[in-house]
Amino acid sequence: MQIADFKIERYFAQWEFAVPYVLGASDVEGYRLSDLLALADDDGRRLWDALTLGYTESPGHPKLRAEIAGLYEQIAADQVIVSNPVEAIFLFAHAILQPGDHVIVVWPAYQALYEAARSAKAEVTLLPLSADNGWQLSIDDLRAALRPNTRAIVINSPHNPTGAVIDRATFAAVVGLAREAGAWLFSDEMYRFLETGQASPEAKPHTHDRLYAMYCADHKKKLPDARRADGFYLRGSVQRRKQESFSSPGGIATGG
Ligand SMILES: Cc1ncc(COP(=O)(O)O)c(C=O)c1O
């Protein structure tokens, strides 16, 4: 598999720990372990005290999957996969896409969202967002970008890097277009719950059966190192690809 340099990670590898202040991080100051444990209820605390740092089931610990499912309205625990978020992007690309498939990705975007598709030999159209309309996706532009071989549409709300939150009507229209086109909708919801105004709409499986949403379960993003305990929902092929990728969900989620 050929994959282009991940520019931001290269940049961070060079500078993140070499400067006194980092102004461009995607996470905030992390919790101490004691801050996190202070949030635990009795059940959570008991699980923590019994934690052993061994392997767990490959889709993720059942209790963690159930907790993540509870954050969404219509998700069952067995639709959730726990993985590292960037791994989840690669799983999607390599479980769903075939060479020659067409993928539409909003632009600007976190590099992996389009590079993973390219690494699966898909053809990527970057769909520009504009400050002129508050970085909202234009449904007309999305419709115009669709092709008969469009296999996936990739959106991200709250959006990195602009912070824009997709409005409900636009989100519903995107789901509708994906359904009409028979394309997958990959909704990157990494920064959900960080909104300061209108809440970002969540992907709901009853609206489209080709839906893949990525949600980052770290508490208000104060646990960037626990992103291995991220949640995900979706269907069988991605689960199988995860088993083949030899990855294990983060130890932090393995208690109980
Ligand atoms: C929009 C978006 N999606 C996915 C990721 C991947 O997250 P991680 O680096 O925790 O794997 C990031 C990371 O910054 C991101 O900004």
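A word on the ground rules. Residues are numbered from 1 along each chain as its sequence is written. This is a predicted model, so local features need pLDDT of at least 70 and side-chain atom pairs count only at pLDDT 80 or more, while totals for chains, interfaces and linings use all residues.

**Exercise 1. Get the overview**

Task: find out how many helices and strands the chain has, and what percentage of its residues count as buried.

Solution. Start with the elements: the chain has nine helices and six strands. Helices (H or I, at least four residues) and strands (E, at least two) are DSSP runs, numbered from the N terminus. Next comes burial: a residue is buried if 20 or more other C-beta atoms lie within 10 Å of its own, exposed if 12 or fewer, and partly exposed in between, with C-beta atoms placed from the backbone. By that count, 38% of the 256 residues are buried. Last, look at contacts, meaning pairs whose C-beta atoms, placed from the backbone, lie within 7 Å. Among contacts with a separation of 6 or more, 69% link residues 24 or more positions apart.

**Exercise 2. Follow the strands**

Task: work out which strands pair with strand 1, then carry on to strand 5.

Solution. Two strands pair if DSSP finds at least two bridges between them.

- Step one: strand 1 (residues 102-107) pairs with strand 2 (residues 123-128) in the parallel sense, over six bridges. Along this pairing, Trp107 has Pro128 as its bridge partner. To get from strand 1 to strand 2, the chain passes through helix 6 (residues 111-119), and this β-α-β crossover is right-handed. Right-handed here means that, with the strands pointing away from the viewer, the path from the first strand over the helix to the second runs clockwise.
- Step two: strand 1 also runs parallel to strand 3 (residues 150-156), joined by four bridges. Here Ile104 sits opposite Ile153.
- Step three: strand 3 and strand 4 are parallel too, with five bridges, and Ala152 faces Trp184. The chain goes from strand 3 through helix 8 to strand 4 in another β-α-β crossover, which is right-handed.
- Step four: strand 4 pairs with strand 5 in the parallel sense over five bridges, with Asp188 partnered by Met214.

**Exercise 3. Check both sides of strand 4**

Task: decide which residues of strand 4 are buried on each side.

Solution. In a regular strand the side chains alternate between the two faces of the sheet. Go along strand 4 with that in mind: Trp184, Phe186 and Asp188 are on one side, Leu185, Ser187 and Glu189 are on the other, and all are buried. That makes six buried residues out of six.

**Exercise 4. Find the core**

Task: name the residues with the most contacts inside the largest nonpolar core.

Solution. A nonpolar core is a set of buried Ala, Val, Leu, Ile, Met, Phe, Trp, Tyr and Cys residues joined through C-beta atoms within 7 Å. Elements giving it two or more residues include helix 4, strand 1, strand 3 and strand 4. Helix 5 gives the largest share, eight residues. Now pick Leu185: setting aside neighbours within four places in sequence, its contacts include Ile153, Val174, Ala178 and Leu211.

**Exercise 5. Look down helix 4**

Task: find which residues of helix 4 are buried, and why they line one face.

Solution. In helix 4 (residues 62-69), the buried ones are Leu64, Arg65 and Ile68. Seen down the axis of helix 4, they fall within an arc of 100°, so they line one face. The arc is that of the directions from the helix axis to the C-beta atoms.

Technical notes. Two residues are in contact if their C-beta atoms, placed from the backbone, lie within 7 Å.
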